[in-house]
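I opened my notebook to look at how pieces from separate chains come together.

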Amino acid sequence: MKSQISNVLSDFFFEYETQRQVLVRNRRVGVVCRLIQLGVLAYIIGWVFIYEKGYQSADTAISSVYTKMKGVGYTNVAGVEEIWDVADYVFPSQGDASFVVMTNFIITQGQTMGKCPELPGKDNCTTNGDCEEGRFKRTGNGVCLNQTHTCEVLAWCPVEDDQTIPDPPRLMSAENYTLFIKNSVTFPLFGVTRSNLVEGIDGKYISTCLYHPDTNPLCPIMKLGDIIKFSGFDFTTIAKVGGAIGILVDWTCNLDRSLRHCKPVYTFHGLYGNPGETDTARASVGYNFRYAKHYMEDKKPKRTLIKVFGIRIDIIVQSLARKFDIIPTLTAIGSGVGIFGVATVVCDLVLLYILPKREFYKNMKYKYTETQQRDVDSEAGITEKEAAKG
Amino acid sequence: MKSQISNVLSDFFFEYETQRQVLVRNRRVGVVCRLIQLGVLAYIIGWVFIYEKGYQSADTAISSVYTKMKGVGYTNVAGVEEIWDVADYVFPSQGDASFVVMTNFIITQGQTMGKCPELPGKDNCTTNGDCEEGRFKRTGNGVCLNQTHTCEVLAWCPVEDDQTIPDPPRLMSAENYTLFIKNSVTFPLFGVTRSNLVEGIDGKYISTCLYHPDTNPLCPIMKLGDIIKFSGFDFTTIAKVGGAIGILVDWTCNLDRSLRHCKPVYTFHGLYGNPGETDTARASVGYNFRYAKHYMEDKKPKRTLIKVFGIRIDIIVQSLARKFDIIPTLTAIGSGVGIFGVATVVCDLVLLYILPKREFYKNMKYKYTETQQRDVDSEAGITEKEAAKG
Amino acid sequence: MKSQISNVLSDFFFEYETQRQVLVRNRRVGVVCRLIQLGVLAYIIGWVFIYEKGYQSADTAISSVYTKMKGVGYTNVAGVEEIWDVADYVFPSQGDASFVVMTNFIITQGQTMGKCPELPGKDNCTTNGDCEEGRFKRTGNGVCLNQTHTCEVLAWCPVEDDQTIPDPPRLMSAENYTLFIKNSVTFPLFGVTRSNLVEGIDGKYISTCLYHPDTNPLCPIMKLGDIIKFSGFDFTTIAKVGGAIGILVDWTCNLDRSLRHCKPVYTFHGLYGNPGETDTARASVGYNFRYAKHYMEDKKPKRTLIKVFGIRIDIIVQSLARKFDIIPTLTAIGSGVGIFGVATVVCDLVLLYILPKREFYKNMKYKYTETQQRDVDSEAGITEKEAAKG
């Protein structure tokens, strides 16, 4: 028994089987098949390996973004000069990746809780009966006021009048604000961390540079007006009614090369379509929200309501790092060998079904067991000698 | 030398090798093997290509979300009527993808910095010795106050009493607030941008529609009460103590079809487990944070502290676009050919080790070089003629 | 015609072709080739299947994070004692995944809109001519003030003086604040939802536990001082000028095992480089923003400006779940068979081009059709008998 196993083992280790092949010496077949095979080889090497970099594994990054706006706005409404600094015009203030820069506003000062008439044009009425009681949208109380011919509502009074948007926008100076972006990405699969303050972008450079796609593509400081311009919008339009702009920070890195080449690329686009695209472009325009500053006056709570029109900026980090890895390499090779097999199948079809001498090649390629089939139950029907010849 | 190379080249190009095969004409073997092969083929075509769409490459989107709540809340606490509008009940106000809608609150008005007793029930004491000095959680100062039998602390006074949560929740009207979601997704690999305001969802439709999974599945305006209902929770419970609800916007797009079919699907679920799941459901219930409005009164800084109970809504965008791509197609084919090889191996095992006529088939399949092995050093031991026969 | 088709079909189903192979009984060749084949097999099984788990498909999670800080800060500036609670020191207040904990601040109280001199050291002047009019950064008005020798500007007055940062940081007590993290992840591909409050982390445990990587790795409550320490920074430094720390919650789950083993792992690191890394470490240090509390005093709008230095904490959820899936399994097997084919090719090269008996093996492996080539147009040049022998 033991010797039998060792026999099987030695048989296994000292033997090697390889396929028997027919070498067809035919110019036409040879050239066609070699070209098919070379095509497949070229595809595997050229496309999978060189173009698609199939020998690399890919990873996306986890990232963190910190932003800081700088600049001072100035308004002069009916002779009242006012200054707007970062604490006033950025929402939220703590430097998130997504924030709003106020460019226009409708301010309703000194609102108190109470009863007052609705705006003319809304909830018009002639008698008290026209004013439904207890509705939720501006909770009316069923009284029609004569002076304004509108219903009386319980609300923060006076009611905000947002029917006309200031034009030109109040804070056109926003065009000159600057945005500083600090972004770090970590590719956990490769253990690589990069910051957008890459080699050469030091404190001295930052203090003077201004982003421009051609001349200063790595400067992390951008003028708000430039951001709008690069995304294809008109600053005055967007400043008036607000808008949503995405700043895409693209980290596409080949980590087989030096880490120095792993640099961010900034692109700018409307978040809900760009100006060129007719049907969706308008969707990017128009961004507003309401915001209240509460205070006490004469022991009564009051608030200043600000309807903020602004530029919502989303810093979107997109990342893809690639590095040589043995697994995808071997998977690509293995898969390539498989596709090579397909080439062989195609050539065989040509050889066996299309060529005029197909019958000859069929006989060369195949050995039939048909004679055997006739006397199917007699296993001794073929001599060992005869089989050994085959 | 040169002619030698050209010889090798012409040999290479004018030759074609193909495997020699045994054609086993045996019903049992044939049927079994063909079924195995057809099974593998069916798997590759049916599963990999049709079901899993292995001929497509996939990409996830970068997305941007903007939200806007609408609706007015009304409270009547001890005869004091108050109105709560968007600027009062949404945190943060600027329309983020993640925000909180206040549905209940405990308000502590007119707090000033000073010394006052702790709440009864906390830090009870009988002598000054019971009150440790200078601890951080409510910084005590080592004095036990007789009236309340609690320690004196330095804090914003009076200390907030949050031991009883208002029931029913103060802002039950929140049920009728509406949420408008604006969401755009960009699949960078395919250069496709889509907004949830798809074809047919125009300004006119939006002004009247209300989301319902069956009748209006594409309307981007949802009632807060519906959101809670669709996620399986009870509005009154969640409004009282707060809760965390996720709105999943699912973009699963087959870009081989018309872009019109790339539409969002909205689903709703508790962020920390759904009501049906016993052990984690409670985790989704209960969400609160504290928020202060600061003001000056009689030159002294004061604040109104609000403990906000609310519904935290996270808009989560999930996206997967697929499009025909030659690389995954060929990889799948190559891999399929490989699996086909496995089928052949299985059939060979059957043929060579299980069938009664296995010895016969072995002889048909294999040619042995054993005779050669005996006189291993005489390379001329086999005549060219004999070998050519094989 | 019909019988012809059924003939072809029966031929197809009752036949089975298998490759003819040469069994080379040669010790050297056998051992070398078997070792190559075993190596490939070991690679496929060991590396692809066991190490890289190629039989599983992978999915990343959609996640939601809710945070809550606890703790009270205490400051004593020139005898004025003040208490800072959560509503005062966390920005934003609603419990986002990314927030700032104030640890130091420069407060400028009672600013009003008006004209006042710039800070000494900035915009120094001797005559009015030195002060350019109407510039945006602090909008000057062209007047040089004698007392300070600086330009007069229109601004929130008095102008903030942030030239010296308080040292030691005002809110050193921040070290003792605690952070509670609630995180849920959903793997949509596998329909699995997990919360970081895993089995055994119940209300009772949470009320007493404090995170420590060794003793309490699953406790979701962390001391702020510990977070800084674990990420390798010095609390005093970071508390003074601010800093950005990432808390990575890593969900790497093998869903073929019990769900109980799918647990989060918390790690801490500087967002813009860690202390050990010389060139980028400083980038993680320094985080500040300005924040204003507006109020009315004597009918005039005023504000208290706070320059907040703080610790920005980003909770970053990283997830990867894997589960057995038939598709990647078969793809890996198919690809493995392909690589196996490569091993055969290598062995054949050895056999046919390197071994001394290569000519013999070539003759065993290949059958030539060369004789046929000579009389290329006579297809009957080979008798059926002769071919059948081959």
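**Entry one: the helix pair.** I kept in mind that this is a predicted model. I looked up helix H2 of chain B, residues 27-51, and found it packed with helix H8 of chain C, residues 326-354. Their axes are 11 Å apart and the angle is about 130°. That angle makes H2(B) oblique to H8(C), and I noted the crossing as left-handed.

Which residues make the contact of H2(B) and H8(C)? On H2(B) I listed B:Tyr43, B:Trp47 and B:Val48, and on H8(C) I listed C:Ile326, C:Ile327 and C:Leu330. Sorted by class, the contact has six nonpolar residues, with no polar and no charged ones.

**Entry two: the sheet.** Next I traced an open sheet of three strands, in the order S1(A)-S2(C)-S18(B), with mixed pairing. From one strand to the next, the twist averages 30°.

I then checked how S18(B) pairs with S2 of chain C, residues 21-25: the sense is parallel, over three bridges. B:Lys367 has C:Val22 as its bridge partner in S2(C).

**Entry three: helices on the sheet.** Helix H2 of chain C, residues 27-51, packs on the sheet and touches S1 of chain A together with S2 of chain C. Its direction makes about 75° with that of S1(A). H8(C), from my opening entry, also packs on the sheet, touching S1 of chain A together with S2 of chain C, and its direction makes about 100° with that of S1(A).

How values were computed: Residues are numbered from 1 along each chain as its sequence is written. Chains are lettered from A and ligands numbered from 1 in the order in which they are written. This is a predicted model: local features need pLDDT of at least 70, side-chain atom pairs count only at pLDDT 80 or more; totals for chains, interfaces and linings use all residues. Side-chain values use heavy atoms; hydrogens and water are left out. Axes are lines fitted to C-alpha atoms, for helices over the stretch in contact, and angles run from 0 to 180 degrees between N-to-C directions. Helices (H or I, at least four residues) and strands (E, at least two) are DSSP runs, numbered from the N terminus. Angles under 35 degrees count as roughly parallel, over 145 as roughly antiparallel, 65 to 115 as roughly perpendicular and the rest as oblique. A crossing is left-handed if the near helix is turned anticlockwise from the far one by less than a right angle, and right-handed if clockwise. Contact means heavy atoms within 4.5 Å. Ala, Val, Leu, Ile, Met, Phe, Trp, Tyr, Cys and Pro count as nonpolar, Asp, Glu, Lys and Arg as charged, and the others, Gly among them, as polar. Two strands pair if DSSP finds at least two bridges between them.
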